[in-house]
Amino acid sequence: MSVELMLERLTRQLHHRLKSIEARQPIFVNLQPLQQAVAEISERVGGDNSPAQHRDRLAEALNLLRTRGPEVALRSHVRYVCWALCEPAGTPSRRVLDEQHLLPNTLAVLREAYGDALLRPNVWRGLLDAYLRFAPPAGQSIGRDNWLQLRTLLADTLDPLYARARFRPTWLERLHEHANLLGDEPCTRYGAAALDATDPVLAQLRTDLQIPETSWFWSELLLAQVRVVTARDDAGFLAHLDVLLSRVTERPAIRDHGLAALLERYAASGRRAQVHAVLRDTVSDAWGSPHLERNTRWALTTPDAHQMVRTWLVVDALETFFMLLQEDRAADTRRLEFWLRYKSSIDLFHFCLNSQTYHSQSLDYKKFRSKYHELISLFRDASTSGNAFIFRINGYYVVEFGGIGATYIYPENNIPFSLNMRKLSTDQLKDKSKIVARLIHNGAWEHGFAYDLQKLGIVPDKERRTSHPVGSPSGRSGAGANQIQTGQPGPASGKNVDTISSRNPDQNQVVLWSVADVIAHAQAKAIGIEDNRNKGGALWVAHDRFTDSFAEQLARLGFKYVQNRGWWKK
């Protein structure tokens, strides 16, 4: 019978006798010598016990390694050196695994000195412990390179160690079954198992290999889960999305890659048209606003996924401004609905807040300021009562104010303010000398707004064109050229923008609030109606005018104009 086998049997017998004595005489027997003997024998035959409790010996081994070099330290302290590779020591505190030359030299001496003789299992176990405990930083680094060299040594020696071991501890058996842990894809095989709470494999690995919570293993395992889930159909993906978002953000080493994969998968799903608020806010919190060029992590994902989140945030910002930040918090749904038609064209936005909103301790305002902290300025004028919303669309900056007032539009190359400034003034945002348009919210203003925006090349998302009309930024050669504001050359009709955008319906005009109102009004005025909606077609109103008050109301209700035929809506 081999010495190792005899020692193992003796260890088991001692464990059994120790438990029996503890059960019968826990008070009167000094068990410390027997417990120490069991631990020492267990270590000799390759047991799981680490020498971590011998901090003085670990410190001595590290000091010898750093002062005398690997050859001397490994000759007398090989076991403690192997178990100390991931131990922080010294001033400043550092680990051997993070040192550029010491770790590679130590591994080289181990290979040369032991060769075919191999390390004892309990010494080799120290190297495995360092490999599992270390959390290599993302990207290239000395620590990561060293960790990969250690992994190579372990992978090269695992099979010989297993083949020659007469007694195989539980950890060695388990690692041999899961040799993939020493490969390039250590956790791929566990991705599906990790999603199943009843699967016992991970619990066995955690216990038998003593994998700490700080190990790289758990981050890689989470990435494996992300890969499995993103490969499933929409239903399978969406069922796990919220949970994975929460877990990914808790693992900095893989957070960005995990978020990018989940974001791209959602953009490819049939649900992409629906805003996923948790996904939107999680990614924005991690990477910052996608509308700011300095937030470079957005380059990790596809342009399509990037644009999807940009549009989601534009919608949220518009809703926040027109629903929360209006004077007296009176929601302005008309302006909200109008600008939502252009949401995909808005590529940047910014808030300018009055002092009350900026400093308010209301929970709604605090959440808003936290969410958009990168995109907020403060009005320099303490007396300013309203807030402002600034956004860029198709080469122009648009400034909307809370409450009833004008909308100011500036050419991108001649704006009188900088969004990098912490404070802005009302005069800067209302600089009439540099505007190309000043639009008024009076009466049924929506149609006039749309008409004037179209002259600047700004059209609703459904009508976007690739060409730029005359007067758009690509066709201008100077600040303020082709302005269409009061006192400047205006539209072909000869009317200035203030006049066009503030035209009111006749005093006796009936305001139309629904499609049913349109039909009733058209019938009363003997205007032709063709209703094909029951056949999957459109409702047509034979009103071949584009700019009168009835046309304005049709446009406000979502009707589209076709020359020489009239207005239609499905």
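**Ground rules.** This is a predicted model, so I use local features only at pLDDT of at least 70 and side-chain atom pairs only at pLDDT 80 or more, while totals for chains, interfaces and linings use all residues. Residues are numbered from 1 along each chain as its sequence is written, and side-chain values use heavy atoms, with hydrogens and water left out.

**Asn 394.** I looked up its place first. Asn 394 sits in the loop between β3 and β4 (396-401). Its phi is near 50°, a positive value in a residue other than glycine. Asn 394 has a relative accessible area of 25%, so I call it partly exposed. My scale is this: buried means under 20% relative accessible area, exposed over 50%, and partly exposed in between (1.4 Å probe, protein chains only).

**Gln 210.** I found another positive phi here, about 50°, and Gln 210 is not a glycine. Gln 210 belongs to the loop between α10 and α11 (216-230). It is partly exposed, at 41% relative accessible area.

**Arg 392.** Next I went to strand β3 (residues 388-393), where Arg 392 lies. Is Arg 392 buried or exposed? It counts as buried, because its relative accessibility is 18%. I listed what Arg 392 touches, leaving out residues up to four places away in sequence: Ser 345, Ile 346, Asp 347, Leu 348, Tyr 397 and Glu 412. A contact here means heavy atoms within 4.5 Å. With Glu 412 there is also a side-chain to side-chain polar contact (3.4 Å). A polar contact is a pair of N or O atoms within 3.5 Å; within protein, one must be able to donate a hydrogen and the other to accept it, and residues adjacent in sequence count only if both atoms are side-chain atoms.

**Helix α8.** Which residues of α8 (residues 170-177) are buried? They are Trp 171, Leu 172, Arg 174 and Leu 175. They cover an arc of only 165° around the axis, so they are on the same side of α8. The arc is that of the directions from the helix axis to the C-beta atoms. I noted the general rule: an α-helix has 3.6 residues a turn, so residues three or four places apart point the same way. The cover over the buried residues of α8 includes α6 (121-133), α7 (142-164) and α10 (201-208).

**His 77.** I found His 77 in helix α4 (residues 70-83). It is buried, with a relative accessible area of 9%. Not counting residues up to four places away in sequence, His 77 touches Arg 57, Glu 60, Ala 61 and Leu 64.

**Asn 564.** Asn 564 is in the loop between β10 (560-562) and β11 (566-569). At 67% relative accessibility, Asn 564 counts as exposed. Asp 544 is 20 residues from Asn 564 in sequence, and their C-alpha atoms are 5.9 Å apart.

**Whole chain.** Last, I checked the totals. The protein chain has 23 helices and eleven strands. Of its 570 residues, 49% are buried. Among contacts between residues at least 6 apart in sequence, 63% join residues at least 24 apart.

Note on methods. Helices (H or I, at least four residues) and strands (E, at least two) are DSSP runs, numbered from the N terminus.
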